[in-house]
Amino acid sequence: MKQILFILLLCLGLSANSQCISNQSFTLTPVGPYQPGDVVVVDYTLGNFTGININWIHAFQINLGAGWTNLVPLLTPGNPFGSAGFWMWDLQNTYPSGFNFGPGWRFVNSGTAGWGTVSTGPFIMRFRVTVGSTCTPDNLSISMEVFDDCTTGGWTNGNCCNDPAYNIYNGVVQITPIITSNINHY
């Protein structure tokens, strides 16, 4: 009975993990909380991509809350042992399938248009964002989504990878209260 329970719990634990991506990590410099004008550098690493049904990694999309501005790419992901091609920075791209993507990096396969790269990683990238000018506690969330060429429409061979966005930061703009002196009424 204990063995059956252990196997069931193990299977439930495995199904709760991401389908195709693993070993994600990040660093934020400086560490939050943040106030208007702060410039933040985000380093993100995807340690491994294992596609299902021969799906290859195709794009990294950066999702930012409304409080961020000035998104700047600093370090493009590598393509270790991957397909011929390169990673391209895009603010917005609509794939031929109609899938809307961006901002982030997408792989341009020079052998077969629409396919990703066979590389399994690691993929290391860096970008910079700035906290916008505001007097309200705007959303400063940051997350990363990884898409395969099945999701983008370049390869159709059964199920696509369906991994959730990876949360990097949750917070709001820290507003410094304005302190004024007492007003004298005569």
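Reply: Two strands pair if DSSP finds at least two bridges between them, and with that rule in hand we can read the sheet in this predicted model.

Me: In which order do the strands of the open sheet stand, and with what pairing?

Reply: The open sheet has five strands in the order E5-E8-E3-E10-E11, and the pairing is antiparallel. E5 and strand E11 (166-169) stand at the edges with a single partner strand each, so one side of each has no neighbour in the sheet. Direction ignored, neighbouring strands of this sheet are turned against each other by 25° on average.

Me: How many bridges join E3 to strand E10?

Reply: Seven bridges join E3 to strand E10 (residues 142-148), and the two run antiparallel; as a point to find on the model, Ile57 stands opposite Asp148 in E10.

Me: How is a pair of aromatic rings described?

Reply: The description uses the distance of the centres and the angle of the planes. In this structure, a search of the whole model finds 15 aromatic pairs. One of them is formed by Phe60 and Trp87, which are tilted, with 5.3 Å from centre to centre and 50° between the planes. This pair links distant parts of the chain, since Phe60 lies in strand E3 (residues 57-64) and Trp87 in strand E5 (residues 85-90), 27 residues apart.

Me: Are Phe60 and Trp87 buried or exposed?

Reply: Buried means under 20% relative accessible area; Phe60 therefore counts as buried at 0%, and Trp87 is buried as well, because its relative accessible area is 9%.

Me: Which residues do ring pairs link into a cluster?

Reply: The cluster linked by ring pairs consists of Phe26, Tyr44, Phe60, Trp87, Phe107, Phe123 and Tyr166.

Definitions and conventions: Residues numbered from 1 in each chain as written. Predicted model: local features only at pLDDT ≥ 70, side-chain atom pairs only at ≥ 80, totals over all residues. Heavy atoms only, no water. Phe/Tyr/Trp six-rings, centres within 6.5 Å; stacked < 30°, edge-to-face > 60°. Helix = DSSP H or I, 4+ residues; strand = E, 2+ residues; numbered from the N terminus. Buried < 20%, exposed > 50% of the residue type's maximum accessible area, 1.4 Å probe, protein only. Axes fitted to C-alpha atoms, helices over the stretch in contact; angles between N-to-C directions.
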